[in-house]
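Me: Could you take a close look at one helix in this model for me? I'd like to know how it sits against its surroundings.

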Amino acid sequence: MAAIELHRLVKRFGDLTVIPALDLAIRDEEFVVFVGPSGCGKSTLLRIIAGLESIDSGDLFIGGQRVNDMPPARRDIAMVFQDYALYPHMTVRQNMAFGLEMRNTPKDEITRRVERAAAMLHMAPYLERKPKALSGGQRQRVAMGRAMVRNPQVFLFDEPLSNLDAKLRGEVRTEIKALAQQLKTTMVFVTHDQVEAMTMADRIVVLKAGVVQQFGTPEEVYQWPANQFVAGFIGAPS
Ligand code: ADP
Ligand code: MG
């Protein structure tokens, strides 16, 4: 069974059709990267999967269940955004615990999950710090930890590395890949960076104007691009 399935999915903003009719099936435990130029609909697609954006027609299935009208909080999904959106007045621990407290998770269970995520992310020494006392890479890890403590079946990432410098981006990229393997969850990762797509993905979705140009392994997309657009986009330096 597919982890995430889109059937003839259509999304419009007023007169603008951002996604004309999309079919896609993402497997359980797969690491899929959506790549494409700015404005092609990557964020919109992620937001639709997360339930933050409605759809005009078509169907969305998560874990085999049709979730077209299911509110975000009930979906077994956690999203990590580009800007992290940490609470500045809360410590790392409080930032990571907040979502679970909202769900009335027992206190000792929250502590257990936060400390486990912090250990996996090498953030244990920083749990009592506030975001302003952290580096960019550490803030990114807090955002990741906040998603991890929910134990979601699916992680969605919207360009989570784009605020990091090149060296750190490489490091965090490797860490996210390692975490994906440990956690055994499905990951959908959005980027406009071809290198990121090629190095992280099990399979890449190349998007142009809301239309899938190719869905394949990095090797397939690189060796056998489906069209000129894919060839130019994957071949071009980032
Ligand atoms: P990407 O993430 O690939 O850069 P987006 O999904 O953010 O692209 O945007 C796709 C298109 O939809 C763009 O043309 C953008 O301007 C438009 N768009 C996104 N969100 C909205 C919105 N809330 N209202 C109107 N247009 C939007
Ligand atoms: Mg975007």
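Reply: Happy to! Helix α5 runs over residues 166-183, and at 1.5 Å a residue its 18 residues should span 26 Å, which agrees with the 26 Å between its end C-alpha atoms. The expected span here is 1.5 Å times one less than the number of residues, and helices (H or I, at least four residues) are DSSP runs, numbered from the N terminus, as are strands (E, at least two). This is a predicted model, in which local features need pLDDT of at least 70, side-chain atom pairs count only at pLDDT 80 or more, and totals for chains, interfaces and linings use all residues. Residues are numbered from 1 along each chain as its sequence is written, while chains are lettered from A and ligands numbered from 1 in the order in which they are written.

Arg-169, Arg-173 and Ile-176 are the buried residues of α5 (20 or more other C-beta atoms within 10 Å of their own; exposed means 12 or fewer, partly exposed in between, with C-beta atoms placed from the backbone). These three cover an arc of only 70° around the axis, so they lie on the same side of α5; the arc is that of the directions from the helix axis to the C-beta atoms. An α-helix has 3.6 residues a turn, so residues three or four places apart point the same way.

The buried residues of α5 pack against α6 (194-200), where contact means C-beta atoms, placed from the backbone, within 7 Å. Turned away from that buried side is a face with the exposed residues Lys-167, Glu-171, Thr-174, Ala-178, Gln-181 and Gln-182. Just after α5, Lys-184 takes a positive phi of about 55°.

Note on methods:
Contact = placed C-beta atoms within 7 Å.
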